[in-house]
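Hi everyone, thanks for coming. Let's take a look at today's structure together.

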Amino acid sequence: MNISATRTRLRWEIGVVLALSFGASGVYAIVTIIERLTRETTLSSQTATINQSLDERPVFDLIYQLLGFAFGLAPVALVVFLLWRSSRPHLGRLGIGRPVGASPLWWLRETGGGVILAAAIGIPGIAFYLFAKWIGINTTVVPAALDAYWWTVPVLILQALRAALGEELIVVAYLFERLKRLGVGPAATVVTSALLRGSYHLYQGFGGFIGNVVMGLVFGWAYHRWGRSLPLIVAHWILDIVSFVAYPLAVALWPALFGAPAK
């Protein structure tokens, strides 16, 4: 296969992968923000609900949630299949697995890096969300109630893991590898990845878009520098656990601060 045909095939492959995952989410989010802006109410007075209940009966809600988690990982399985290597580390092109010559505790160092990265992004992120809500460029994010069912918190942690694996392995690791093969430079790749990350958060408002673009720039720089996915996955998982679990608790305790109605 000649170079031109290979490039065309890669472009189609990227298009298909994104159409099955975050590219589609980005399109829906763009339509959503347009719909929100054309309402008679202001953006800051609107709400965006995350992790909604999927059925009024608890047993079926749990089944649907678990099915969503399992099938939501299908695009991740696809990029694993596409970038799998016959030699170890099998997922080296996705920045996963023990690096050649690394110590047995390599994962501990990368996990620690993820914790530090989460703190660097998360603490300013909370302040920026409140600021974006205050100046009217973001909706009020309404989280799932933690006391809905006994399994609510474990399922939210699973949903956070799904988001972390999906976004970091597709939007960062996979996209970086494929764009590199297409001859796209590092700076353009980092920006492209960050804009894609921001696009599918537009349903929350422009604050969600800006905040996630900044997060994407930091994560993209970190991946370009380290070439490792585990720190990004750990950081993203921590950030989403905070968003899905700690944030609802904070809203319940201080509703006025987060723009939620008091109960």
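**Two helices side by side**

Helix 6 (residues 152-181) and helix 7 (residues 186-199) pack at an angle of about 150°, with their axes 10 Å apart. This is a predicted model, where local features need pLDDT of at least 70 and side-chain atom pairs count only at pLDDT 80 or more, while totals for chains, interfaces and linings use all residues. Residues are numbered from 1 along each chain as its sequence is written, and side-chain values use heavy atoms, leaving out hydrogens and water.

Helices here are DSSP runs of H or I with at least four residues, strands are runs of E with at least two, and both are numbered from the N terminus. Axes are lines fitted to C-alpha atoms, for helices over the stretch in contact, and angles run from 0 to 180 degrees between N-to-C directions. Helix 6 and helix 7 are therefore roughly antiparallel, the word for angles over 145 degrees.

Which residues make the contact? Helix 6 brings E167, E168, V171, V172, L175, F176 and L179, and helix 7 brings T189, V190, T192, S193, L196 and R197; contact means heavy atoms within 4.5 Å.

Now to V115, in helix 5 (residues 106-134). Is V115 buried or partly exposed? Its relative accessible area is 43%, so V115 is partly exposed (buried is under 20%, exposed over 50%, partly exposed in between, with a 1.4 Å probe and protein chains only). V115 touches V234 and I238, leaving aside residues up to four places away in sequence. The C-alpha atoms of V115 and A235 are 5.6 Å apart, although 120 residues separate them along the chain.

Note on methods. Parallel < 35°, antiparallel > 145°, perpendicular 65-115°, else oblique.
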